[in-house]
Amino acid sequence: MQQLPTVDYQSPNAAKEFVESLRNTGFGVLKNHPIPQELVESIYKNWQEFFNSEEKHQFLFNKETQDGYFPPEVSEVAKGFTVKDIKEYFHVYPKGQVPAQLEAEIREYYRLANEFAQTLLSWVQSEAPEEVRAKFSIDLKDMISQSEQTLLRILHYPPMTGDEEPGAIRAAAHGDINLLTVLPAANEPGLQVQRQDGSWLDVPCDFGSLIINIGDMLQEASGGYFPSTIHRVINPTGKASTKSRISLPLFLHPRPDVVLSERYTADSYLQERLKELGVK
C-alpha cells in the first residue's frame, strides 16, 4: 500500500512541501523536527505502566471539564458508527488532573508541542492563497495562543484478545474536531488516511517522525480550502495483535471566543460536536 511522503523540517522548502501535502491528503509527515525523541519514548514507557496499573481508576474523568482517565467502557463511538472503539485514554489540559509522577514530563511535552504547533499554523497561513488568508478572523497561530482548550490525549490501544465486539476496531474512521492535530509516530503501525477516491493510505510510523492532520475547525475557517481528513486505526494481525499501542495526539483548539466563520465560534462548533459524540 502506498505511503504518504515525509517532509524534512530542516529543508528550505519545508513549509511549501508540508502545506502541499496537507492540502492534497489532509496529512503532513515531518522528520528532523525539534520535539525530542527521548522525551516521547519516555512518555510512551511511563504511560504504558500507568495504563497497566490499577492507579488509573483513581483519575476517572470529570464530565464537566473532560480531564482525566476514560476507561474502555466509555470510549468514543465515531460519528456514524454504533460500536465503541477499542481503546482507553487520558485527557491532559493546562489545568487538569495528572498523576504526580507523570506530570513534569507530560507538561513539558505539552509546552513544546504547543510552541511547535504555532510554527506549523504560521506555515499553513503563509502558504494559503490570499483569498483564503482573508477568511481567518485572526492569525491562525494566535487562535491557539493562551488556549486552555487544546487537548493532549494519551491513548492506549490494548492487545487484541479475540473477544472484541464484531465490527469494533481500534479507532473507527473519523475526522478531528480541532484546527490541527500533532502526533508523534506511534510505537506500532495502524494509522491510515482515506483518499478522495475512498481508498486507504498507510501513514508512516517511523519512530521519530511527526504526523500532522487537518481538523474540522481549520476546514471551517478556511472555507473548505484545507480539507479535514477521515482517518482510522486498524486492528493489528498476527504477532502485532499481542502488542499494546500508545499514541499521543495533541488536538489544537482555539480559545472559545475565536470566530471560525460566519456560522461558528470555536466554542459553538466544539459544543455541537461534543453533543454528537455523546460526551456532553
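## Salt bridges and overall fold of a predicted model

The side chains of aspartate 216 and arginine 273 form a salt bridge, with an N to O distance of 2.1 Å. Aspartate 216 belongs to helix H6 (residues 216-221) and arginine 273 to helix H7 (residues 266-277), so this pair ties together parts that lie 57 residues apart in sequence. Aspartate 216 counts as buried, at 11% relative accessibility. Arginine 273 is likewise buried, at 9% relative accessibility; the cut-off for buried is under 20% relative accessible area. The model is a predicted one.

A search of the whole structure finds 12 salt bridges.

| Pair | N to O distance |
|---|---|
| aspartate 216 and arginine 273 | 2.1 Å |
| lysine 141 and aspartate 142 | 3.3 Å |
| glutamate 49 and lysine 45 | 3.6 Å |

Glutamate 49 and lysine 45, whose side chains meet in a salt bridge, both lie in helix H2 (residues 37-52). They are 4 residues apart there, which means a separation of about one helical turn. Glutamate 49 has a relative accessibility of 47% and counts as partly exposed.

In the pair of lysine 141 and aspartate 142, the side chains form a salt bridge at 3.3 Å. Lysine 141 has a relative accessible area of 32% and is partly exposed. Aspartate 142 is also partly exposed, at 30% relative accessibility.

Salt bridges also link Glu108, Arg111 and Glu115 in a network.

Turning to the charges of the chain as a whole, there are 27 positive and 39 negative ones.

The protein chain contains 7 helices and 13 strands. Its radius of gyration is 18 Å, close to the 19 Å given by the globule rule for 280 residues, so the chain is as compact as a globular protein of that length. The C-alpha trace spans about 50 × 40 × 35 Å along its principal axes.

Of the 280 residues in the protein chain, 52% are buried. The chain exposes about 12700 Å², and 49% of this area is supplied by carbon and sulfur atoms. As for contacts between residues at least 6 apart in sequence, 75% join residues at least 24 apart.

Technical notes:
Residues are numbered from 1 along each chain as its sequence is written. This is a predicted model: local features need pLDDT of at least 70, side-chain atom pairs count only at pLDDT 80 or more; totals for chains, interfaces and linings use all residues. Side-chain values use heavy atoms; hydrogens and water are left out. Helices (H or I, at least four residues) and strands (E, at least two) are DSSP runs, numbered from the N terminus. The radius of gyration is taken over C-alpha atoms; the globule rule is 2.2 Å times the number of residues to the power 0.38. Buried means under 20% relative accessible area, exposed over 50%, partly exposed in between (1.4 Å probe, protein chains only). Contact means heavy atoms within 4.5 Å. Accessible areas come from the Shrake-Rupley method with a 1.4 Å probe; for residues, only the protein chains shown count as cover. Lys and Arg count as positive and Asp and Glu as negative; His and the chain ends are not counted. The place of a charge is taken as NZ of Lys, CZ of Arg, CG of Asp or CD of Glu. A salt bridge is a side-chain nitrogen of Lys or Arg within 4 Å of a carboxyl oxygen of Asp or Glu.
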